[in-house]
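User: I have a model open and would like to go through it with you. Could we begin with a sheet and then turn to how the chains meet?
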Amino acid sequence: MDAAEALARQLQERFLIGGNFVLAGPAGGSFAKRPGSVQAVTTDAFEDVYDDAGFAGLAVQAVGFEHGVDSPTVHVYVTKGSKKAEREVEATEGPLKVRINRVGRVTVRPEAASTSVHRGQVFVHDGRIACGSSCAPSGENYAGTFGAILRVGGDLHILSNNHVLAACNHTPIGVPILSPSPKDASANPQVPVPRAIARHSRICELRSGDPALVAPCHEDVAIASLIDSNLVSSRQGAGAESYDTPSTTDALRTGMRVKKWGRTTGLTTGAVESKVLPFAMPYKFNLFSATVWFTEVWTIRADQGTSFALGGDSGSLVVDESGSHAVGLVFAATGAGDLAYVVPMAHVLTCFGGASLVRGHHA
Amino acid sequence: MTVEEAALSLQARFQKRPWFNLIGIGEDGGRPAIVLYVWTLKTPELREFEHGWRGFSVIIRKAGAARPLARR
C-alpha cells in the first residue's frame with residue numbers, strides 16, 4: 001500500500017467513525033468494533049491534524065487517492081461542509097496533499113440502507129417489547145431507545161430522553177409513542193411492526209441560555225404513559241445476556257463497570273470515568289435548535305475499541321456490571337461513541353414528583 | 001481547596017484555549033482527581049498538568065464533540 005492509499009484509508013475510517021459519511025450514517029460502529037482497525041492505521045501526525053472537532057459539518061461521500069503519479073493527492077468528496085472543516089482537512093502536514101472536492105447530492109439506494117449496520121433493534125421477550133428497543137413519537141423520523149418502565153403516581157410509564165419522546169419539548173401530550181420507531185420498520189416478519197405502546201405525557205424541560213441567566217439542566221428526560229401494560233416487558237434486551245431492570249439504584253463512581261442495552265449498539269460495556277462540570281450541549285432538532293447547559297452529568301468510557309452508545313441509543317438505561325442497580329440514563333455521546341454522557345439514575349427518579357423503576361414486569 | 005474548586009479554577013483559566021473541551025471530576029488511585037477532556041493531545045500547554053493542578057492529579061483524555069443520540 002503506498003502512502004496516498006494509506007492516508008486515504010485513514011481518512012475514510014476516521015470519517016466513518018465520526019459519522020461524516022453520508023451513506024454510512026453516524027459513527028461507523030462496525031469499524032469502531034473491529035479490533036485494532038483504527039489504532040493500527042492511525043499515526044500521531046494524523047491524530048494531530050484530524051481530531052474530532054475538525055470534522056464537524058463535513059458530509060463526506062467518498063475518499064479517493066491518485067495512483068501512479070509522482071506527487072499523488074488524496075481527494076475527499078463532500079456534499080456539504082463548513083469552510084473551516086474543509087480547511088482543516090486540507091491542512092494535512094506531510095508530503096501528501098489533501099483536496100476537498102464538492103460533489104452533488106447523494107442518492108441513497110434502498111439496498112444500501114437495507115445493509116446498514118445501524119439498523120434499529122427491537123428486543124422481544126415472550127412476545128412483548130423489551131427495554132432497550134427502538135421507539136419514537138408518531139410522526140417523527142428519528143429513533144431513540146425506550147430505557148425502562150417507571151411507576152409514577154401509581155401509573156406505568158416508559159422512560160427515555162426528552163429529545164426522544166418529546167422531540168425537545170415539542171411533542172404534544174397524548175401523541176402515541178411507537179415501538180419500533182417507524183424509521184426502523186422492516187419487511188422482516190421477525191421484526192415487530194411499529195405500534196403504539198404509550199402516549200407522551202411529561203417532560204423535564206430542556207432550557208437554553210447562558211448559565212448565568214438560565215438555570216442549567218440536570219437531565220434530558222421524559223416519560224410516556226403506557227397504553228397497555230401487556231405490550232412491554234421490563235426485561236433489558238433479549239437472549240442469554242439480557243437481564244431484568246433493577247429496581248434499585250446506585251451512585252455513579254469513577255471506575256465502576258457498567259453496561260446497557262440500546263436500539264443501535266445493543267449490549268455494550270464500559271467504565272464510569274468522571275462527573276463533568278457544567279458544559280454546553282448543542283441540540284439541532286426541527287423545532288429546537290439551541291445550546292443547553294448541563295450539570296450533574298457523568299461520562300462513561302467505552303471498552304477499548306468499542307462504542308458505548310451511538311445515535312439511536314438515547315434513553316438507554318445504564319446498570320452496574322452485575323445488573324443489580326440502575327445507575328444512569330444515556331442522552332449523548334461523542335461521534336465515535338467512545339465517550340457517553342449519562343444522567344444519574346437517582347436524579348432521574350426524583351423527577352415527576354418521584355418515580356420508581358419497575359422490575360419483574362413480564363420479565 | 002476541594003477538587004471541585006480546583007477543577008473550576010482550571011476551567012476558568014483554560015476554557016478559552018482551543019484544545020479545551022470540558023472538565024470532570026474522577027478518581028486516580030482512590031483519590032479525587034480532575035479529568036481534563038481535550039480536543040487534541042498535541043499541545044505543549046498540557047505539560048503544565050504533569051504534576052497536577054492545585055494539589056490534585058489531572059487525568060487528560062481526548063474526547064470528540066458530544067451530541068444528543070436520537071438517530072435521524
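User: What is the strand order in the open sheet of 8 strands in chain A?
Analyst: The order is 7-6-10-11-12-9-8-23, with antiparallel pairing. Strands are DSSP runs of E of at least two residues, and helices are runs of H or I of at least four, both numbered from the N terminus. Two strands pair if DSSP finds at least two bridges between them. This is a predicted model, in which local features need pLDDT of at least 70 and side-chain atom pairs count only at pLDDT 80 or more, while totals for chains, interfaces and linings use all residues. Residues are numbered from 1 along each chain as its sequence is written, chains are lettered from A and ligands numbered from 1 in the order in which they are written, and side-chain values use heavy atoms, without hydrogens and water.

User: Which strands stand at the edges?
Analyst: Strand 7 (144–146) and strand 23 (356–357) of chain A do; each has a single partner strand, so one side of each lacks a neighbour in the sheet. Strand 23 of chain A runs antiparallel to strand 8 of chain A, joined by 2 bridges. There, A:R151 is opposite A:S356 of strand 23.

User: And A:A148, is it buried or exposed?
Analyst: A:A148, in strand 8 (residues 148–152) of chain A, is buried, because its relative accessible area is 0%. Buried means under 20%, exposed over 50%, and partly exposed in between, with a 1.4 Å probe and protein chains only.

User: What is A:A148 in contact with, beyond its neighbours within four places in sequence?
Analyst: Its contacts (heavy atoms within 4.5 Å) include A:C131, A:H157, A:L317 and A:L357.

User: Changing topic: how many residues are in contact between chain B and chain A?
Analyst: On chain B there are 26, which touch 48 residues of chain A. The buried area is about 3,000 Å², and carbon and sulfur atoms give 56% of that. Buried area is the accessible area (1.4 Å probe) that two parts lose on being put together, summed over both. B:L69, B:R71 and B:R72 supply 30% of the area that chain B buries against chain A, more than any other three residues.

User: Which side chains form the salt bridge?
Analyst: B:R61 and A:E273 do, at 3.5 Å from N to O.

User: Which strand of chain A pairs with strand 1 of chain B?
Analyst: Strand 16 (residues 266–276) of chain A does, in the antiparallel sense over 2 bridges. A:V276 is opposite B:G24 in that strand of chain B.

Methods:
Salt bridge = Lys/Arg side-chain N within 4 Å of Asp/Glu carboxyl O.
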